[in-house]
Amino acid sequence: MKRIIYLLLVLFTISTSCKKNSNKQDELLTEQEAQRQPNIVFIYADDLGYGDVSAYGATELSTPNIDKLANGGVMFTNGYASSATCTPSRFALLTGTYPWRNKDAKILPGTAPLLIDTTQVTIPKMLKSKGYHTGIVGKWHLGLGTGNVNWNTHISPGPNEVGFDYSYIMAATQDRVPTVYIKNGYVDNLDQNDPIEINYDKNFEGEPTGTNNPELLKMLGDPQHSNSINNGVPRIGYMRGGTSAKWIDEDMAGHFLEEAQNYIKQQKSNPFFLYYALQQPHVPRTPNPRFVGSSGMGPRGDVIIEADWCIGELIKTLEEQRLLENTLIVLSSDNGPVLNDGYADEAIEKLGDHKPWGELRGGKYSLLEAGTRVPFITYWKGTIKPNVSDALVSQIDLLASLSSLVDSKIEKGDSQNLLDVFLGKESKGRDNVIIEATSRTAFREGDWILIPPYKGPAVNKIKNIETGNSKEFQLYNLKGDIGQKNNLANVNPEKLKNMIKNFESIRGDSYNEIEQPNFK
Ligand code: NG6
Ligand code: CA
């Protein structure tokens, strides 16, 4: 009997000590995991408005996956894109430099050379120097090559030359040629016997266009969007060849999602930075058949539902790979919303009571709030405490903030280190920020915004968007007047004077000597 009891005791001791060991190992693993640099995933929507997300107050559309990030992380109500159009915002995001410092930071054609100097600091470069693997999947729109790109050989410089180890992109926009995917500088699926030629000025002889061949179209475009046709959709610019490489618009969201998911799975054993640049809800709005009718609002609503689904799938992948608790997710949009942006897609007719701009005034291309104030969310499961923050933050601050997160020392330029604000530990953001819209600039300081006088129409009639142009200075107190209804410039001359002084100290005094493009 004694022997049996002794044996049982020995067994018990062995088993508990094993258990302890395995617990210890678990502890060790989590410690190691925690010590590892966090992954960073930046999700960038294209033209998604402040009021397009249900967490931000949309009642006619439901975006459960974006809401999950907003409600489980910090939801910023004063988060800004640097510009009311795409290229300048993306330039500022990656370089931490105000776009108005670079005269070429304007909406680029598909043939534009690379806008970012290859010696310039960028988020991916900075992270790479700290051991990160860096990848971009989706919309680029920052130019490629040095002029006169040959699309049939290695296209360079591009994302890979400004810090991305991996790139799977569309060159410009979904409505611009070339309508092909580019993987690490090579057009994906290109048949060398069917070379690609691109021209933004004139058509290639014998090639159909939206203007000449409306019978080939499944979607009508305005004159600017009625050049070459791919997949029944007319585009800006002319393209010949590359048939096997051309994208199918309805598959684009799924295609980019799969690329992004594969990237995560491949890079899961080291810290990575993924810039996932969705193409929605920019025109042409081409939901996959599974999402057609999902919003009851026509294609614009449907592609927002589709984008939200993609974001949900991406989060699922991070969860399945057990990465969610070691990944900082930042979500935002490159500029505000627009309904009619060149195609007849019933965005206006089927809008119903939905307000893509929420309570804000203006929209894409506008210097008024809806041009640049966008959904802006940071999420890090287990690290960021859910909160709504009214701190003033700009996408331009991600460079300095992420560099602080990974302990990298860089020249900060216009970027401010707001890491604690982004992690929800601090409630005070920037003191001021300059926003840009089609080369014009405005100045937000505290609750106030100053819009200098600019020539040009007050309303873009085709797009039905207020531009922000006025002969007078505009001064709004956004705290009580988020809809910018009361111009206080005349009743508050002291404030006006002070704001002009502070604005000019950063921007200089030649801010209104600019040529405004004609909303192209
Ligand atoms: C404009 C296009 C618009 C859109 C925009 C870029 C015309 C008339 N309009 O020039 O459709 O493509 O460029 O949008 O051509 S952005 O979100 O990439 O800045
Ligand atoms: Ca955009």
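Q: Which residue is the bridge partner of Val41 in β13?
A: In this predicted model, the residue of β13 that bridges to Val41 is Ile329.

Q: How many bridges hold β1 and β13 together, and in which sense do they pair?
A: Strand β1 pairs with strand β13, which covers residues 327-333, in the parallel sense and over 7 bridges.

Q: And what about β1 and β12, in which sense and over how many bridges?
A: That pairing is also parallel, with 5 bridges between β1 and strand β12 (residues 272-277), and within it Phe42 stands opposite Tyr275 of β12.

Q: Is β1 buried or exposed, then?
A: Strand β1, residues 39-45, has 7 of its 7 residues buried, so the strand is largely enclosed by the rest of the structure. On one side the buried residues are Asn39, Val41, Ile43 and Ala45, and on the other they are Ile40, Phe42 and Tyr44, so to speak of either face of β1 is to speak of a covered one.

Q: What does Asp46 form a salt bridge with?
A: Asp46 forms a salt bridge with Lys139, and the closest N and O atoms of the pair are 2.5 Å apart. This pair links distant parts of the chain, since Asp46 sits in the loop between β1 and α2 (64-72) while Lys139 belongs to strand β4, 93 residues away. Lys139 is also buried, at 1% relative accessibility.

Q: How many salt bridges does the structure hold?
A: There are 23 salt bridges in the structure. One of them joins Glu313 to Lys316, with the closest N and O atoms 2.9 Å apart.

Q: Where do Glu313 and Lys316 lie, and how are they separated?
A: Both are in helix α6 (residues 299-320), and because they are 3 residues apart, about one helical turn separates them. Glu313 counts as buried at 18% relative accessibility, whereas Lys316 counts as partly exposed at 41%.

Q: Which residue pairs with Lys381?
A: Lys381 forms a salt bridge with Glu325, where the closest N and O atoms are 3.8 Å apart. Lys381 lies in the loop between β14 (376-379) and β15 (387-389), and Glu325 in the loop between α6 and β13, so the pair ties together parts that are 56 residues apart in sequence. Lys381 counts as partly exposed at 35% relative accessibility, while Glu325 is exposed, with a relative accessible area of 54%.

Q: Which residues do salt bridges with shared partners join into one network?
A: That network consists of Asp46, Arg90, Lys139 and Asp334.

Q: Last one: where is Ser129, and is it buried or exposed?
A: Ser129 is in the loop between α4 (123-128) and β4 (133-139), and Ser129 counts as exposed at 57% relative accessibility. The C-alpha atom of Ser129 is separated by 48 Å from that of Leu217, which is 88 residues away along the chain.

Terms used. Residues are numbered from 1 along each chain as its sequence is written. Chains are lettered from A and ligands numbered from 1 in the order in which they are written. This is a predicted model: local features need pLDDT of at least 70, side-chain atom pairs count only at pLDDT 80 or more; totals for chains, interfaces and linings use all residues. Side-chain values use heavy atoms; hydrogens and water are left out. Buried means under 20% relative accessible area, exposed over 50%, partly exposed in between (1.4 Å probe, protein chains only). Helices (H or I, at least four residues) and strands (E, at least two) are DSSP runs, numbered from the N terminus. Two strands pair if DSSP finds at least two bridges between them. A salt bridge is a side-chain nitrogen of Lys or Arg within 4 Å of a carboxyl oxygen of Asp or Glu.
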